[in-house]
Amino acid sequence: MSRSLRRGALAATAVVFSIVSLGACAAGHDAPTLQVKPDNAAVTKGDIKIQNALVITQEKDKKGPAAVSATVFNTGTKEQTLEGITLPGGKAVVTLKPAGSGSKIVIPAGGSVLLGGKGNASAVIAGGDSVMDGNVQKVSFQLSTTGDVELDAFVVPATGIYEGYGPTAAAAVPSGSPSGSPSGSPSGSPSPSGSPSGSPASSPSGSPSGSASAGH
């Protein structure tokens, strides 16, 4: 083989090696494709994994509380309790309500709990005036064993696919107190139409018309 052909072959081999090396790097643990994250907020800490976390506000032109919607998974071997949810940096108060008649929101071992939606546990936000659609809100979940699990959740209105997971609209305030107590007490205390019909209407008209007249 001539010297020029050998040089060409070596150059081609070097180019192929470079491409393979770059491809291997791209497929490693730090590959750019592995850095792409889903749009919905998700975080894992210990045995707890939180997915699809959102802060859902009222529909447009409606006022009322907001709500936190998320799915909380427990991959451990012991159940955990969701003891609270806070929105750091604000004055909002989040009230938790378990599904059914329970008193606590329990995430069973190897199971999950959905916050939001009919028949599920709920987390209603009161006083969250700073929560605005389109923003990203920091949300902190407090678990009995894992502790605080924090993530950034998108703020969206309760429309479209989120309609069934938003907060219940605030109850309308009545325009005034009821018109009043009944117009008056009954016209009188009920009384029988009279004494029983069987009692004599009056005393006997008198003693007999007279004693027997003198005998003959």
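I started with the side chain of Gln80, which reaches the backbone nitrogen of Thr145 at 3.1 Å. I count a polar contact as a pair of N or O atoms within 3.5 Å; within protein, one must be able to donate a hydrogen and the other to accept it, and residues adjacent in sequence count only if both atoms are side-chain atoms. This is a predicted model, where local features need pLDDT of at least 70, side-chain atom pairs count only at pLDDT 80 or more, and totals for chains, interfaces and linings use all residues. Residues are numbered from 1 along each chain as its sequence is written, and side-chain values use heavy atoms, leaving out hydrogens and water.

I placed Gln80 in strand β4 (residues 80-86); strands here are DSSP runs (E, at least two residues), numbered from the N terminus. Gln80 counts as buried because its relative accessibility is 2% (buried is under 20% relative accessible area, 1.4 Å probe, protein chains only). Beyond four places in sequence, its contacts (heavy atoms within 4.5 Å) include Asp47, Asn74, Ile105 and Leu143.

Next I looked at β8 (residues 122-126). Strand β8 pairs (DSSP finds at least two bridges) with β3 (residues 66-74), antiparallel over 2 bridges; Ala66 stands opposite Ile125. With β5 (residues 93-97), β8 is antiparallel over 5 bridges, and Thr95 stands opposite Val124.

Last, I checked Phe141. Leaving out residues up to four places away in sequence, Phe141 touches, among others, Ile50, Val68, Leu82, Ile85 and Leu151.

Technical notes
Helices (H or I, at least four residues) and strands (E, at least two) are DSSP runs, numbered from the N terminus. Buried means under 20% relative accessible area, exposed over 50%, partly exposed in between (1.4 Å probe, protein chains only).
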